[in-house]
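I opened the notebook to record what I looked up about domains and salt bridges. The entries below follow the order in which I went through them.

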There are 2 protein chains.
Amino acid sequence: MNNFAIRFPLERSSIIEMLQYYNVSPTRQRIEIAEFLFKEPQHLSADKILDGVKAEGKRVSRATVYNTMGLFVEKGMVREVLIDRERVFYDTNTDNHQHVYNVDSGELKDIYDIDINLADNMAIPDSCQVLGADIVIKVCSSPA
Amino acid sequence: MNNFAIRFPLERSSIIEMLQYYNVSPTRQRIEIAEFLFKEPQHLSADKILDGVKAEGKRVSRATVYNTMGLFVEKGMVREVLIDRERVFYDTNTDNHQHVYNVDSGELKDIYDIDINLADNMAIPDSCQVLGADIVIKVCSSPA
DNA sequence: TTGGGTGCAAACTATTTGCATTCGA
DNA sequence: TCGAATGCAAATAGTTTGCACCCAA
């Protein structure tokens, strides 16, 4: 899947390599946005990205954040995670993993080693290619 | 989970029973919306519901569709399925099942007998209760 | 110089809200 | 009757678009 190995935090030189790897021309704003994103594995909304980049004293517009994130998703640099209607996150971790969402705290955690077993494999005909599976396990804070 | 047994299509008398079962007072609009929804197992957007109910010659406002669907979701009568940012569906099938989404055709299919195996069960502490798991397998039409 | 990238503001889409009106137990 | 539900229109949130400007190859 993702074959550009990331070791967080990514510094500027690696960011530029990464952009080149994904065929994204490394403009100032794209580099600055990517620098902010790839400091650590994280789940961010477009708004948080805009705020974060600006908080670092960088100048970038809302439109550019949306354009850039759209581009990064398309190129496979980040993954889009849908939790509910008004909670769309960009996930800087593109490894094969899934998510646990705590509806009480709003916290989103990664989960690995999840294994799906399809008894009903009629559902996916041979004429189709599986692009991926998105799994969100919703939990609440009160014990079972 | 869902313990009101549905046999599609539901006629008016069963609709009213169902609403009562879920503690939803059966107003004219709610009955009409539910009648439209529970004709068959289906995945509908708010807009399609509004159009559909109106197409049957019933008078209902957009706000009421949103209010009603919000209520139906809260009460567990229907399930919300998120596919992408602008594709939110209401699913009249509340049985335990998951979805296959064809990105080329836009088609959404139910899938049963899916089995998740969590090797990494650290991810869900005992202090949490699992509310459910949403799985969307994305496929495209071109063969693998 | 020239085309891609950016910024701003306006447009747009889906959804929510405020409030007056109407419905229904 | 009287609170709950509804309808309309305006408001809002998140995102996209049109277009002029800018910058780097």
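This is a predicted model: local features need pLDDT of at least 70, side-chain atom pairs count only at pLDDT 80 or more; totals for chains, interfaces and linings use all residues.

I looked up the domain assignment of chain A, which gives domain 1 as 12–91 and domain 2 as 98–139. I then took the C-alpha centres of domain 1 of chain A and domain 2 of chain A, and they lie 24 Å apart. For the contact I found 9 residues from domain 1 of chain A and 9 residues from domain 2 of chain A.

Entry 2, the area between the domains. How much area do domain 1 of chain A and domain 2 of chain A bury between them? I wrote down about 730 Å², with 53% of it on carbon and sulfur atoms.

I looked for salt bridges between domain 1 of chain A and domain 2 of chain A, and the count is 1. Across the interface of these two domains, 4 residue pairs are in polar contact, with both residues at pLDDT 80 or more. I then asked which strands supply at least two residues each to the side of domain 1 of chain A that touches domain 2 of chain A. They include strand S2 (79–84) and strand S3 (87–91) of chain A, and the largest share, 5 residues, comes from S2(A). By type, I recorded the residues of that side as 4 nonpolar, 1 polar and 4 charged.

Searching the whole structure, I found 12 salt bridges over all chains. One of the pairs I looked up is Arg62(A) with Asp47(A), where the closest N and O atoms are 2.8 Å apart. This pair links distant parts of the chain, with Arg62(A) in helix H4 (residues 62–75) of chain A and Asp47(A) in helix H3 (residues 46–55) of chain A, 15 residues apart. I read both ends as partly exposed, Arg62(A) at 43% relative accessibility and Asp47(A) at 36%.

I next looked up the salt bridge between the side chains of Asp134(A) and Arg79(A), at 3.6 Å from N to O.

Last, I looked up the salt bridge in which the side chains of Glu32(A) and Arg28(A) meet, at 3.2 Å from N to O. The two residues are 4 apart in helix H2 (residues 28–37) of chain A, so about one helical turn separates them. I recorded Glu32(A) as buried, with a relative accessible area of 7%, and Arg28(A) as partly exposed, with 37%.

Definitions and conventions. Residues are numbered from 1 along each chain as its sequence is written. Chains are lettered from A and ligands numbered from 1 in the order in which they are written. Side-chain values use heavy atoms; hydrogens and water are left out. Domain bounds come from an automatic or database domain assignment. Contact means heavy atoms within 4.5 Å. Buried area is the accessible area (1.4 Å probe) that two parts lose on being put together, summed over both. A salt bridge is a side-chain nitrogen of Lys or Arg within 4 Å of a carboxyl oxygen of Asp or Glu. A polar contact is a pair of N or O atoms within 3.5 Å; within protein, one must be able to donate a hydrogen and the other to accept it, and residues adjacent in sequence count only if both atoms are side-chain atoms. Ala, Val, Leu, Ile, Met, Phe, Trp, Tyr, Cys and Pro count as nonpolar, Asp, Glu, Lys and Arg as charged, and the others, Gly among them, as polar. Buried means under 20% relative accessible area, exposed over 50%, partly exposed in between (1.4 Å probe, protein chains only).
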